[in-house]
Amino acid sequence: MLSALLALLAALGALLVTGLLIQRAQKDRLLYLIAWSFTQVGLSLALLSMGVGFLAGFNGVFFRVMELGAALIAPVWLALGMIELIARYVQVRFAAWLFAISYTFVAIVILLLDPLKGKLSKDLPKPRDTYDALPLLLIDGAHVVAVLALAGCTGVTAWLASKQDQEAAELLIPIALVALGGVLVVSGSRGFLPAPLAVIALGGAAGLVWYGAMRTIPVYDDEDYDDYGDDYGDEPVTGYEEQGYPPGRREPVPAPTPSHDPRRGELRFPEPAPAEDLRFRENPAGPTAVDGVGAAAALGGLPAADQPRAGGLGGACGQITVYTLLDGREDAFDRLAAELVKAARALEPETVIFASHEVVGAPTQRIFYQLFRDDAAFAAHRRQPHLQRFLAESRTHVLATNVIELRLGAAKVPLPAPEFPGR
């Protein structure tokens, strides 16, 4: 009775965290969350079958569901999600998906059709006493692959973290928790533990996988981009900053408070000037002023030394980020980029230029050019939740990223539009 009660309670907890993880995977569309959702479904079904089996007695259906969920699907797809999260080469991730899908399909067919041996009762059945050699070989293979993959991914992440890799350092603890969950899955489904301990191991694995998965997701506001709030500057700095923003710029500068103007983010154009005002004024600096400072002086009729540099952007800084995308991911990346630009336009008045460029002749290349009024504006931009969301969701579409940080020199930049009262 104790085993049945533990199994039913663990099944309820596993079903709860499974629903939460599936909801988050559906929202974020991250492949590793999808893989771990399969793990959670397998564990939930296995625990539910164990609870009913302890109460009413095990039969072929309950035993097969328990083995398929806990001994096959859970470890294989847990390892797949780990590889999807850690591997930085698309070839490795593709091979992992191909192996997991094919192995799971073949093993499910064999485990469902292979005849059982022995007599089942209310006691927890042991796989070696119930299955023949081939199903046992497939289960053993799944466990070996899962343990090697989890241990390898954890070791690689720890090694990268020791080399000052920011992403690896942030993922090390969640990965260690998920790897521990994988150890519990294998231990609880081998048939070596007493029934209560097997139930606790599988239930604990479901909790660790869910908690580790949540720790890998950057924190951002759940509101749509059309409903931005005013408290985004209080959000913690989380996520994969190194994808486009090296860890050297982590000044805790509060984000600028967005304007409450209902026209916020609207493109406005000044009324056209009279034709006579379009002529160049006399320039005391002479025709030799050809850079951004001289151009500003020429338009203003003042010497270059008396003009604000590049329209008042003397302390401006910038960044060029070159993204190499995976084939077929261009449209998905462009949608995320459009949302990011929309958010920056609405919430970041100190971001002077934020542009996403396609590269002619290179369909998988995207270049972001960003110009910020000063270092504080750049630091505030990096704290924005919409940036964290973009970095997290675009990660699965990006093969490589190159970042170039800039300091504004001679330039011609957009000058602030004159204010027109009543418009």
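These legends go with close-up views of a predicted model.

**View 1. The whole chain, for orientation.** The chain holds twelve helices and four strands, taken from DSSP runs (helices H or I, at least four residues; strands E, at least two) and numbered from the N terminus. Of its 423 residues, 45% count as buried, where buried means under 20% relative accessible area with a 1.4 Å probe, protein chains only. Take the contacts between residues at least 6 apart in sequence: 77% of them join residues at least 24 apart, a contact being heavy atoms within 4.5 Å.

**View 2. Helix α1 against helix α8.** Here α1 (residues 2–28) packs on α8 (residues 195–215) at an angle of about 15°, and their axes are 9 Å apart. The axes are lines fitted to C-alpha atoms over the stretch in contact, with angles running from 0 to 180 degrees between N-to-C directions. That angle makes α1 roughly parallel to α8, a label for angles under 35 degrees. On the α1 side the contact includes Leu6, Ala10, Val17 and Arg24, and on the α8 side Val199, Gly203 and Trp210 are among the residues taking part. By type, the contact splits into 14 nonpolar residues, two polar and one charged; Ala, Val, Leu, Ile, Met, Phe, Trp, Tyr, Cys and Pro count as nonpolar, Asp, Glu, Lys and Arg as charged, and the others, Gly among them, as polar.

**View 3. The largest nonpolar core.** This core has 65 residues, and Trp36, Leu47, Met50, Phe54, Met82 and Leu124 have the most contacts inside it. A core here is a set of buried Ala, Val, Leu, Ile, Met, Phe, Trp, Tyr and Cys residues joined through side-chain atoms within 4.5 Å. Helix α3 (60–86) is one of the elements giving two or more residues, and its share of 17 residues is the largest. Zoom in on methionine 82: beyond its neighbours within four places in sequence, it touches Trp36, Leu150, Cys153, Ile175, Val178 and Ala179. A second, separate core of 13 residues includes Tyr323, Leu325, Leu336 and Leu387.

**View 4. Alanine 74 in helix α3.** Alanine 74 sits in α3 and counts as buried because its relative accessibility is 0%. Setting aside neighbours within four places in sequence, alanine 74 is in contact with Thr39, Leu43, Gly69 and Val185. Its C-alpha atom is 9.3 Å from that of alanine 146, 72 residues apart along the chain.

**Notes.** Residues are numbered from 1 along each chain as its sequence is written, and side-chain values use heavy atoms, leaving out hydrogens and water. Local features need pLDDT of at least 70 and side-chain atom pairs count only at pLDDT 80 or more, while totals for chains, interfaces and linings use all residues.

Definitions and conventions. Angles under 35 degrees count as roughly parallel, over 145 as roughly antiparallel, 65 to 115 as roughly perpendicular and the rest as oblique. Buried means under 20% relative accessible area, exposed over 50%, partly exposed in between (1.4 Å probe, protein chains only).
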